[in-house]
Amino acid sequence: MIPASTPSGAEPLGAGAQKTRSAALLLEQGQIYELQGDKEKALYHYQAAMDVAIRTKNEEARGHALRHIGHVYRIQSKHNEAEQALMEAQNIYSRADSDRGPASALGGLGHVYRIQAKYHQAEKAFSEVLSCSGDQLQAANALLGLAQTYGSQLKHGEADQAYMDAHEAHSRIGNDMGAAYALGGLGEIYLAQSKHRESEKVYLESHEIHSRIGNREGAAHSLRGLGHTYRAQSRFQEAEKAFNDAYKAHPSGSNLKDAANQIRSLGMLYQDQGRHNEAEVSYRQAFAAYDRADHPTSQALTLLSLGELYHAQARYSDAEEAIAEALAIGVSLDCDHLRASAYFALVRISRSQSKHTEEIESLIQAGESFARIGRHEDHAKILGQLGATHMAQGMYVEAEEYYRHAQAISSSIEEATGEATVLVALGVLYGHQGRHGEAAECFAQARIARAAVADESDAVKALDTLIGLSASLRKPKDAKVALMKACELLSQSGEHALHADTLKHLGDIHVEEGTYVEAEESYRHAQAIFSSLEEAPREADVLDRLGILYVRQGRHDEAEECFAQARVAYAMVADEDREAKALDKLMGVYAMQGKFVDAKVACMEACEMYAQRGQPMSELCAHIRELLQRLEESPLEMLSARPLQS
């Protein structure tokens, strides 16, 4: 801020100096009104200060006035006007060779860009502040801005680090308020990642600091974050208390926007609990408060929440009306973030009413909005939904285009999970069209992508989808071709366990077709891979299949070896259910070879296992036991007994 008094040693004030001083006083008065929440009077004084600065040709004072004007415009969500004022201030500061001014204007621009979802420009602005400003406070604030920008993009790792750096920077210069806000930002990042314990801890620390230094608004902000942390854990009573305490913490009439935030948070809590009437009242109260605070962006977000509430109650007309009003605000503010959120809300409402045409139109609009603001992951998800919607209507060409576009985006941003999801959907589409070779390639690539992010639970789904689809179409030949293609791809990928699983399923199809040589080859290859990976249970599963194959061919010695090895492997991992089944098959093979003594030993062990587990013995075990008892009752019959037929 420009000093209100003449520096010592200066010449006596003339008329021009008096006017310069008037500009400084006008700026001070504007700041007072801004702190009181009266933005219109603040703006009036800032503009008056700028007029004085122009008349007196005081460029630095004009830069200060423009910077404050830009700040008010930003609060009013007048983003274009804010950007223009701050850029002009930045140009003036650069020409005047001001120390603090350029960084202050750049920081303000960074926040405007962040709110507009122009994330690349925001990061650039904050980074420039860090590189050009020698002021430690400005640098610490720039780190906070960077952290918020990363958080808005869901870059949790980068945001986490930036908030910690900001906390350290503010703490180092003794700025407790900045340190507390950095902790609050960390709480938001932890909450977004469902790290509830960490979120609760830092919000409590932030609240303690704000309370100690008398920053009631900061304390209220921390309490609201704490309330959302409790809400995420369904700790509803604690959440409601936190939100109410946050509302009470605000100085009367000081910040209508923050007070409205607490009311809207209560509405969200009531909605979670199914308290629809109370939620609606809270949303309407919050909307009115945002109106008084002249904050249209928050009004739009409240309307989106209200639309979601109406949607949950199947009040579709009311929901559409609320969302349409939110969309209108987004259009008036030229805010693609709001537009995208509103269109996506309309998608859900249209889907609930089976309005497919409207659903597709809203999806397209949402996707375009996400693309404009650089939300690539969300854009890819929208494209995937468009693909699914078109496939459900039998529009396969259009569905393929959308899926391929979604895959390309996910691949370009290295979002493996999203890419795998699209690849599975694309594989299903190809399967419905009978394009099984291409389906196999998609499923194999999906499994590789899932494995790359250690997503084992979903990795299995890709291949299972292929097998299930082929089975449902009753086209084992197509399934065989698809699996052979998958084996080829997986063998080159380095995903050995997935390759072995695929070989196992390929062996099953060869058995079904009666091509036993090829089946044995697939099973042995799979067994060798699992053995090299020391995957004993999965190797035992393949040995079990091999044993059954050898029994079909009358190769009982080899079947006996396979079942015995499988039994040992299951015992090593304490899988009693599979061990008992392996024993059943082993005793059966003994009986087929006339090895009745060995069969009796195996039968007794199996019976003991079934008894210990409180389960009835299997049909095979009961049959072998009955046979052995009959043979024991007649020793001569046992001597002349023939092997059990397979």
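**Exercise 1. Describe the contact between K241 and D245, and state where the two residues lie in the chain.**

Step 1. K241 and D245 form a salt bridge, in which the closest N and O atoms are 2.8 Å apart. The model is a predicted one.

Step 2. Both residues belong to helix α12 (residues 236-249). Because they are four residues apart in this helix, about one helical turn separates them.

Step 3. Residues count as exposed over 50% relative accessible area and as buried under 20%. K241, with a relative accessible area of 53%, is therefore exposed. D245 has 26% and is partly exposed.

Step 4. In general, side chains of opposite charge can pair when their charged atoms come close.

**Exercise 2. Determine whether R339 and D334 are buried or partly exposed, and describe how their side chains meet.**

Step 1. The side chains of R339 and D334 meet in a salt bridge, with 3.1 Å from N to O.

Step 2. The relative accessibility of R339 is 12%, so this residue counts as buried. D334, at 45%, counts as partly exposed.

**Exercise 3. Locate the two partners of the salt bridge between R555 and E520 in the chain.**

Step 1. The N to O distance in this salt bridge is 3.1 Å.

Step 2. R555 is found in the loop between α27 (536-552) and α28 (556-572), whereas E520 is in helix α26 (residues 516-532). The partners are 35 residues apart, and the pair links distant parts of the chain.

Step 3. R555 is partly exposed, its relative accessible area being 24%.

**Exercise 4. State how many salt bridges the structure holds, and name the residues of the network that includes E280.**

Step 1. The total for the structure is 38 salt bridges.

Step 2. E280 is linked with R284, R315 and D318 in a network of salt bridges.

**Exercise 5. Characterise the largest cavity by its volume, its lining residues and their classes.**

Step 1. The structure holds one cavity of 30 Å³ or more. The volume of the largest cavity is about 40 Å³.

Step 2. Its lining is formed by L304, G307, E308, H311, I323, A345, R348 and I349. The elements that give two or more residues to this lining are α15 (296-312) and α17 (336-352). With four residues, α15 gives the most.

Step 3. Sorted by class, the lining has four nonpolar, two polar and two charged residues.

**Exercise 6. Describe the second largest pocket: its space, its lining and the classes of its residues.**

Step 1. Two or more lining residues come from each of α6 (119-132) and α19 (376-392). The most is given by α19, with four residues.

Step 2. The lining divides into seven charged, five nonpolar and four polar residues.

**Exercise 7. Identify the residues that form a nonpolar surface patch with I213, and place I213 in the chain.**

Step 1. I213 forms the patch with M177 and Y181, and together they have about 240 Å² of accessible area.

Step 2. I213 lies in the loop between α10 (196-212) and α11 (216-232).

Step 3. A residue in a patch needs over 30% relative accessible area. The value for I213 is 34%, and this residue is partly exposed.

Note on methods: Residues numbered from 1 in each chain as written. Predicted model: local features only at pLDDT ≥ 70, side-chain atom pairs only at ≥ 80, totals over all residues. Heavy atoms only, no water. 1 Å grid on protein atoms, 1.4 Å probe; cavity = no way out; pocket = protein on both sides within 12 Å on 5 of 7 lines; lining within 4 Å. Points joined across faces, edges and corners; volume = space filled by probe spheres on them. Nonpolar A, V, L, I, M, F, W, Y, C, P; charged D, E, K, R; others polar. Patch = residues over 30% accessible without salt bridge, like charges linked within 9 Å, V, L, I, M, F, W, Y side chains within 5 Å. Areas by Shrake-Rupley, 256 points an atom, 1.4 Å probe, with all protein chains shown as cover. Salt bridge = Lys/Arg side-chain N within 4 Å of Asp/Glu carboxyl O. Buried < 20%, exposed > 50% of the residue type's maximum accessible area, 1.4 Å probe, protein only.
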